[in-house]
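Subject: Structure handover

Hello,

Here is the structure you are taking over.

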Amino acid sequence: MTLEKARQLLEVHAGFGGYYNAHGAKLVLAEVAREHGQAAADALIRELELERIFGIKPGS
């Protein structure tokens, strides 16, 4: 998955919020971390404010 595609998916999940979308966002971030490294996943968490929206912390 490209980082741009991951960003698009995460924006959709963040827009809806909620438990199921948090789980979906975590799955996308796991795929990003596997393919591009944890630093890329952490950058997306910060950029899209996923800690505020879902409580997903960088490095987790």
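The side chains of Glu31 and Arg34 form a salt bridge, with N and O 2.9 Å apart. A salt bridge here is a side-chain nitrogen of Lys or Arg within 4 Å of a carboxyl oxygen of Asp or Glu. Both residues lie in helix H2, three residues apart, about one turn of the helix. Glu31 is partly exposed at 24% relative accessible area, whereas Arg34 is exposed at 61%. (Buried is under 20% relative accessible area, exposed is over 50%, and partly exposed is in between, with a 1.4 Å probe and protein chains only.)

This is a predicted model: local features need pLDDT of at least 70 and side-chain atom pairs count only at pLDDT 80 or more, while totals for chains, interfaces and linings use all residues. Residues are numbered from 1 along each chain as its sequence is written, and side-chain values use heavy atoms, with hydrogens and water left out.

The whole structure has six salt bridges. One of them joins Arg7 and Glu47 at 2.8 Å, N to O. Arg7 is in helix H1 and Glu47 in helix H3, 40 residues apart, so this pair links distant parts of the chain. Glu47 is partly exposed, at 44%. Glu4, Arg7 and Glu47 are linked in a network of salt bridges. Lys57 also forms a salt bridge with Glu51, the closest N and O atoms being 3.3 Å apart.

On helix packing: helices are DSSP runs of H or I of at least four residues, numbered from the N terminus. The axes of H2 (residues 19-36) and H3 (residues 38-47) come within 6 Å and cross at roughly 140 degrees. Axes are lines fitted to C-alpha atoms over the stretch in contact, and angles run from 0 to 180 degrees between N-to-C directions. H2 and H3 are therefore oblique, the class left after under 35 degrees (roughly parallel), over 145 (roughly antiparallel) and 65 to 115 (roughly perpendicular). The contact (heavy atoms within 4.5 Å) involves Leu29, Val32, Ala33 and His36 of H2, and Gln38, Ala40, Ala41, Leu44 and Ile45 of H3.

In H3, Ala40, Ala41, Asp42, Leu44 and Ile45 are buried. These buried residues pack against H1 (3-16), H2 and H4 (50-54).

Regards

Terms used: Helices (H or I, at least four residues) and strands (E, at least two) are DSSP runs, numbered from the N terminus.
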